[in-house]
Amino acid sequence: MKRIIITIQFIFLLLPVIFGQDPEKKQYTATQITIPPVIDGILNEESWQSGTWADGFTQNQPYNGRPETQRTEFKILFDENNLYVAIKAYDTSPDSIVNRLTRRDETDGDLVGIIFDSFHDLRTGFLFGVSSSGVKYDQMFTNDNGNGDSSWDPNWWVKTSINKEGWVAEMKIPFSQVRFDKNSADVWGIDVARILYRKNETTFWQHIPRDAPGIVHLFGELKGLEQIKPRKIFDITPYGVAKTETFKSVPENPFQAKGKLSKLNGGIDAKIGLTNNMTMDLTINPDFGQVEADPSVVNLSAYETFLSEKRPFFIEGNNITNFGLGIGDGGVGNDNLFYSRRIGRRPQGYPDMKDGWYADIPSRTDILGAAKLTGKTKNGLSIGIVEAMTAQVKAEIDTIGGRKYATVEPLTNYFVGRIQKDINNGNTLIGGIFTSTNRELDNDVRDVLHKAAYTGGIDFTQYFKNKNWMFNLNTAFSLVEGSKKAITNTQESSAHYFQRPGKNYALLDTNRTSLDGAGGRMQIVKQNGHWNFMGAVLWKTPGFETNDLGYMLVTDQILSVLWGGYNQFNPKGFYKSFNINSDFFAINNFGGNWVGGGYEWNANINLKNFWNAWTGGNLNTSSLSTDMLRGGPMMRLPGSVNSRIGFSTDNRKKLVLSVFANGSKGFENNSNNLYTEIDITYKPSDFIFFTVSPSYNKSYSELQYVTQTDFNGSNRYIFASINQKTISTSFRVNLNLSPNLTFQYWGQPFVATGKYFDHKFIMTPMANSYQDRFQTYSQSQISLSGDHYNVDENVDGKTDYTIGKSDFNVKQFLSNLVVRWEYSPGSTVFLVWSQTRSYNSDSGQMDFFNNIGDLFNKGKNTPHNVFLVKFSYRFGL
C-alpha cells in the first residue's frame, strides 16, 4: 500500500464520535461427566446423553445478520483432564457436503470449529476446527484479531462422520492445550463457527458482524468450569535424521571429488508448561530439512530480498514477538524489529582465496539451540521471549601446502523480549520490546559484522467507541557497535549512504565504533462499518539500523499516508460484496527534501456466481532518488503510472482459474514493465489437487546501475539500458490419503535473462531536462573486448577505464517432494527429496525451451539432490 502526507495535528482532528453497541452475549454451561466418550465421530455413547444442545447460529456472510440456512448445534462436556465437544452440522442435502482431504491447516470444504477465550481477556482465542473429511484446522488469535496464527498445532483428537442428516464432529481437547489461570475458569469466552462451503456461508453461534472491529471481544460466555484446575503441558519430542546428498563430482576439488555426502543427525524439541499460562518451547540442534525451498529470484537492486519464514519453531507464536514499523504489504510493510530469518542464515563472511585453492563453505549456519517463552498472566501481561544461539561456522580451505580454516560466521547469541499489557477491558494496550545480537568475533570477520546490535521499542494502542476507532504509536531505537571498518561499512550500505554528497545532516565518520538511530509509526484508523479511514506517519532517522535481527530496506525517511475505503458487505443485484479504496502518500527525508509522492487506488468485487475481480493502479510523481547512484548525489527521476487487473473463478469448483496482470510505464519513456500470471487448480477428486502457475515478466529500464569508477579524479557512475525477461512456472501436486498421511510435490523451472546496451554515465543528476542528466557513450568511445568493455571517454585512442560485461542468463529448477505421516498426535515421519538444478551463462538472450533443456542436459548440468528421512516421537508427560 502506498502513502500520503498528513500532519500529526490533522491525525488527532480525526478522532471520532461514533455510536455503537455490542450484541447481547449468549451463555452456555458445560456439563461434567465421569465416563469419557470414545472419539470416533459417532455420538452413541451414554456420555452424550448428558448436557444441553445449543443452536441458533447467525450468518456472518454472505448475508450478515440473517439466520443460518442449515441448522447447527453443539454440546460441551468435560472431565478433570479434557473438554469434549460435539458439533452436529445438519444438511438437507448430505450428498452435497464438500468432503476434501488436505494437509492440516489447509482445509478445503465444509468446516466447523470452536474457539475458546480461556484467558477471558477479550483478545486471545484458541480455535479447534475440523473439516468434514477429518482434517484439523487450529489457530491461535491474539489482539482481538480475526487473522489467526495457523502454525499453532496443539495435540488434540477429532473424528468426523457423515450421515443422512448431515455430518458430525467429535473432539477431545486436553486442558493442557488451552492456557488459562485457575481463576479465569469461572467464565471463558466461546464461539462456534461453521462454513457451509457450497454456499460460501459462514455462521457463528454468537453473531460476529461482518464489519466488526475484531472478533474475540464479541464472543459468548462459557460457564461450568469453575472447579477445573489448569494443566501444564510437558511434551518431549526427540528426532533423528538420515540425509544423503549427491552432486556433481569435481575430481580436482577435494571437497567435491566423490560427488556424495551422507550423515546422521538428531535433536530434541520440547514444549513445557512453566506455569498455568506460560509455555516454553525448546529445540536443541533443530533440523528443518522438510521445509520447502525459497523460490528463485533475480535481484538487480541494492536491497535485500525479503524471504518468508517457513520453519515451524519460528512461525508459531511469531505474532507475539512481532513489532512492526511498516504499513501495508511488501516493501516498507516488512519493516520489523524481529525478522527470524536472521537466525540460521547463510554465513555472511567469505575467506580470502588464491588461485588453485578450494574451499568448503557451509550454505547455512547451524542453530545450536533455541528457547521460546510465550504466555499471558492473569493480570493481562502478554510475554514473548526468544533466545537462540548459532554455531561458529568455518570454511575449510585446501591450499597448495595443506588445509586451513577461516571463520565465515561467528558464534552468535540472539535475544528477543516482548511484553504487552492490556488494561481497560482490552481497550488500552501498552507494550515494549528489546532485541540483542551479540557475536564472538575473530580477525576473519571483525570488520565484516557488528560485534553487538541492540534495538528496543515502546508501543501504545488505544481503542475508542467499542473499538470502532484505533490510535497506535510504535517508537523504536537502535544501537550497533563494532570496529571502525564495520561501522563505516554500515554507514556506506544501501540502507544509509552516509557518503552521499550533500547529506550534510548525516555525515560519514570513519572513526565511529557505534551508530544509533530511531524510528516509529503513528496511525489512527477507523476500522469498522462501510467507511474506513487511516492516517499514518512513519519515520526512520539516518542512523536507524535493525538488520542484525530485524528487517528494513531504507532509512532517512518520513512517510505520510492518508487512506480511505468503502466496503459493501451484503449481496445486492449481481454482486455479493465489493470494496474500493485509495490513498495519497508523500516521502520526505531528514534533510528537509520532498523526495516523492503519489496516489493509489484499488477495487475488488465478489460476484454472486462466486467469481472475483479486482483492479487498481497508482500514479507516482517525479522524485529525488537518494539511492539511484548508490552512494552518489541525489538524482531527479521521472514519475510513472501503473495499472493492474485480475479475476478468479469459483474456488469451490473442481477447476479454478485465476488471471492477473500489471503494467507500468515511465513518463519519459525511461522504463516499462509487464507482468502476467495464470494460476490453474484442478481437483479431480476429493484427495488430490494439481496447481500450475506460469508467469511472464518483461521489462525495460533506460537507467540500470552497472558500476562506479574514476576518471580524471572524478567519480563516474556507469549505467546502461537493460531488457529483462523472466519466465517461471510453479506447479504443485497434493495427494492426501488420509488427514494424517499426505504427499506434496512442488517444482519451479525458472529462466531470467538480462541484456545490457547503450551504456552511459551520469553527468548532471539534478538537471531539469531528463536527457541532460546522463550521456550515452558513442561507438567511438566504447567497444566490447571479450568479457568487458573498453571505454575511451576523451577519444584520445587510449582506454580510460573498463566496464565488465553484465549480460546474464539464469536458469534454475527447484523441486521438493515431501511425504508426511503423523502416526500419532505430535509424532511424525517425513520422507523428503529435494533437487536443485542451476546453469548460468552470459548470453542475455531468452530461449526458454533450450534454456530448460540445458538444466537437464547431463553434459552441462548435474543436479544437487538431497534425500532425507526424519523420524520424531512425542512423549507427553
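1. The second largest pocket of this predicted model is lined by 19 residues, and those nearest its centre are Gly134, Lys136, Val158, Lys159 and Asn740. Strand S9 (157–163) and strand S44 (808–824) are the elements that give two or more residues to this lining. By class, the lining has eight nonpolar, six polar and five charged residues. The volume of the pocket is about 350 Å³. A pocket here is an open set of points on a 1 Å grid over the protein atoms alone, where a 1.4 Å probe fits, with protein on both sides within 12 Å along at least five of seven lines; lining residues have an atom within 4 Å of a point. The volume is the space filled by probe spheres set on the points, which are joined across faces, edges and corners. Nonpolar means Ala, Val, Leu, Ile, Met, Phe, Trp, Tyr, Cys and Pro, charged means Asp, Glu, Lys and Arg, and the others, Gly among them, are polar. Strands (E, at least two residues) and helices (H or I, at least four) are DSSP runs, numbered from the N terminus.

2. On conventions: residues are numbered from 1 along each chain as its sequence is written, and side-chain values use heavy atoms, with hydrogens and water left out. Local features need pLDDT of at least 70 and side-chain atom pairs count only at pLDDT 80 or more, while totals for chains, interfaces and linings use all residues.

3. The largest nonpolar core has 38 residues, and Phe74, Ile76, Ile114, Phe116, Phe128, Met171 and Ile173 touch the most other members. Such a core is a set of buried Ala, Val, Leu, Ile, Met, Phe, Trp, Tyr and Cys residues joined through side-chain atoms within 4.5 Å; buried means under 20% relative accessible area (1.4 Å probe, protein chains only). Strands that each supply at least two residues of this core include S4 (72–78), S6 (111–117) and S10 (166–174). Apart from it lies another core, of 19 residues, with Phe314, Ile367, Ala370 and Ala495 among them.

4. Contact means heavy atoms within 4.5 Å.

5. Lys467 sits in the loop between strand S24 (452–464) and strand S25 (469–481). Lys467 counts as buried because its relative accessibility is 3%. Neighbours within four places aside, its contacts are Leu122, Asp144, Pro213, His217, Gly426, Asn427 and Gln527.

6. Helix H5 (residues 848–855) has Phe848, Asn851, Ile852, Asp854 and Leu855 buried. These buried residues fall within an arc of 150° seen down the axis of H5, so they line one face of the helix; the arc is that of the directions from the helix axis to the C-beta atoms. They pack against strand S38 (714–738), strand S39 (741–762), S44 and strand S45 (827–841).

7. Ser827 is in strand S45 and is buried, at 1% relative accessibility. Leaving aside neighbours within four places in sequence, Ser827 is in contact with Trp821, Glu822, Ser872, Tyr873 and Arg874.

8. Some backbone details remain. Gln61 and Pro62 are joined by a cis peptide bond, with omega about 5°. Asp556, not a glycine, has a positive phi of about 55°, and Phe610, also not a glycine, has a positive phi of about 75°. Phe610 lies in the loop between strand S30 (594–607) and strand S31 (612–620).

Terms used: Buried means under 20% relative accessible area, exposed over 50%, partly exposed in between (1.4 Å probe, protein chains only).
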